[in-house]
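Here are a few friendly notes to read alongside the coordinates.

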Amino acid sequence: MSLRADLAKIAQLVPDGVRVLDIGCGEGELMDVLRRERHVDARGLEIDPELVERCVSRGLSVVQGDADRDLADYPDAAFDVAILSQTLQTAQRPDYMLDQLLRIGRTAFVSFPNFAYWKMRVSLLVLGRMPVTRHLPVSWYETANIHHVTVEDFRLLLAAKGVTVEGCWFFAGGREIGGANANWRAEHAVFRLSR
Amino acid sequence: MAAAISTDLQMITLTAPLALDSGKVLAEVRVAYDTYGELAADKSNAILIFHALTGDQFVARTHPVTGKPGWWERMVGPGLPIDTDRFHVICANVIGGCMGSTGPASLAEDGQPYAMRFPVITVRDMVRAQMALLDQLGIERLHAVVGGSMGGMLALVLAAHWPDRAARVLAIATTARHSAQNIAFHEVGRQAIMADPDWQGGDYYAGGKGPDKGLSVARMAAHITYLSEAGLTDKFGRRLQDRDAKSFGFDADFQVESYLRHQGIAFTSRFDANSYLYITRAMDYFDLAEEHGGRLAEAFAGATARFCVISFDTDWLYPTAESRAIVHALNAVAAPVSFVELSAPHGHDSFLLDVPALDRVVKGFIE
């Protein structure tokens, strides 16, 4: 099974043998790879009971819960790495969630779809409608993505919070691209953060 | 009163007296149990199932008293989620119970039934007796322990106090402590039993008559707590029982009344009223965090097992918040824990009924 490009990148960057919390872990694809290839002690948090069920069936330790509410239950620095993939934009308050992430994990990975990707801009400019794309495939009224964010917005939030960016990686068309003009060119971004 | 139990139950007598949490000691403790599936030569494939308040060791075997199917036949058996083709399943009657293990109906040293002279026991005492059983069976480490409701409490106690004895702990529809509401419902049941003149201070074993009316009312009250309001409405609504109009009397006009009366009466044929008093008391005393100043996480400080906690969205007896408190505590000590709240219409009893998602989670976790 091949991981989505942003998850594959994270899998590559997580050190061997660490403790990882994967928030919004879905069916546990990333956790499974991390466990097998990087020998990490991986835990997950997932809101959908059917996905939790599938994780449990593959022998993963996953708690059903709502990241907006339940991250507060985890102790400080409980994990070496906290991962938030494709979930930031669904949070009630992404800024609070970022705080929780960096409280629970010494290092955090955040991946999110970049709403300033040029195709989105063109779509909005030309059609005058909220873009529906491969990575944001759902119409505005039913999307779980309630806080659309761009690479630039995210950088400004990090700066305002004094969060250290240890690295960032960008993706378009399923492939990694360079960081130049990322806010135009990237469909997806992955940030490694610490306090 | 409960019919005499046939004496051919599988049981052992513990080789040592059992020291209880109360400070008292029970001599000559018998533990009745049932087993399914073959024990592997290295004894590594044993799963211990803990039964609920009114359950017993007949998990997947026709009940010797009622002739009804085992209480978890849909879960335990060849090719089922707890697969007896692969696992050796053990289930023991709790001490204080009435299906062969030492309880208030057992004979004390003076040859008379203990009745209310039986010491008050705790959930930990129940587990202690079963750990002694495992010692005598030569099983050191279980592949898993599994329990629903009170059985889940036993599973949590095992994880807290005998952390090396199980590799997996599966706790379903349960709690780490009895709430005021839980205690209150149990107290209604106990008072119903003790208010029955046939209870006779518990000394009813000699005569032919026990507190069947009181025990029946206790069961009726408890049974309501095992179901959901929507479940009751769905099953009975306001439908009348075998009649076209209300009787303007106090017969069981409504189907739900008839059903509860039947449940109550049927229960008295298989359960001892004093056992009901002792086991409900043990559950009410249960608070895993109590000896840690209320900090549940500390109870699990030495836990080595993988955990799976399951709740049901319609269970108002041990609601999801109770399971979340357990998960929270396990997370705090970095224990590997999975948790899922399943959607099922049957209330607390969902763990015994047809919930396919439960089967999948149990199977997935046990594998």
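Predicted model: local features only at pLDDT ≥ 70, side-chain atom pairs only at ≥ 80, totals over all residues.

1. Which residues of helix 3 of chain B are buried? They are B:His186, B:Gly189, B:Ala192 and B:Ile193. Viewed down the axis of helix 3 of chain B, the buried residues fall within an arc of 115°, so they line one face of the helix. Helix 4 (212-226) and helix 7 (273-285) of chain B are included in what covers them.

2. As for its length, helix 3 of chain B spans residues 180-195, 16 residues in total. From first C-alpha to last it reaches 22 Å, close to the 22 Å expected at 1.5 Å a residue.

3. On the domains, the assignment for chain B gives domain 1 (10-179 + 287-366) and domain 2 (183-279). Their contact takes 25 residues from domain 1 of chain B and 20 residues from domain 2 of chain B. On the domain 1 side, the classes are 14 nonpolar, 10 polar and 1 charged. The centres of the two domains, taken over C-alpha atoms, are separated by 25 Å.

4. Lastly, the contact between the chains: 19 residues come from chain B and 14 residues from chain A. Strand 12 of chain B supplies the largest share of the chain B side, 6 residues. By class, that side of chain B has 12 nonpolar, 4 polar and 3 charged residues.

Conventions. Residues numbered from 1 in each chain as written. Chains lettered and ligands numbered in written order. Helix = DSSP H or I, 4+ residues; strand = E, 2+ residues; numbered from the N terminus. Expected span 1.5 Å × (residues − 1). Buried ≥ 20, exposed ≤ 12 C-beta atoms within 10 Å, placed from the backbone. Arc of directions from axis to C-beta. Contact = placed C-beta atoms within 7 Å. Nonpolar A, V, L, I, M, F, W, Y, C, P; charged D, E, K, R; others polar. Domains from an automatic or database assignment.
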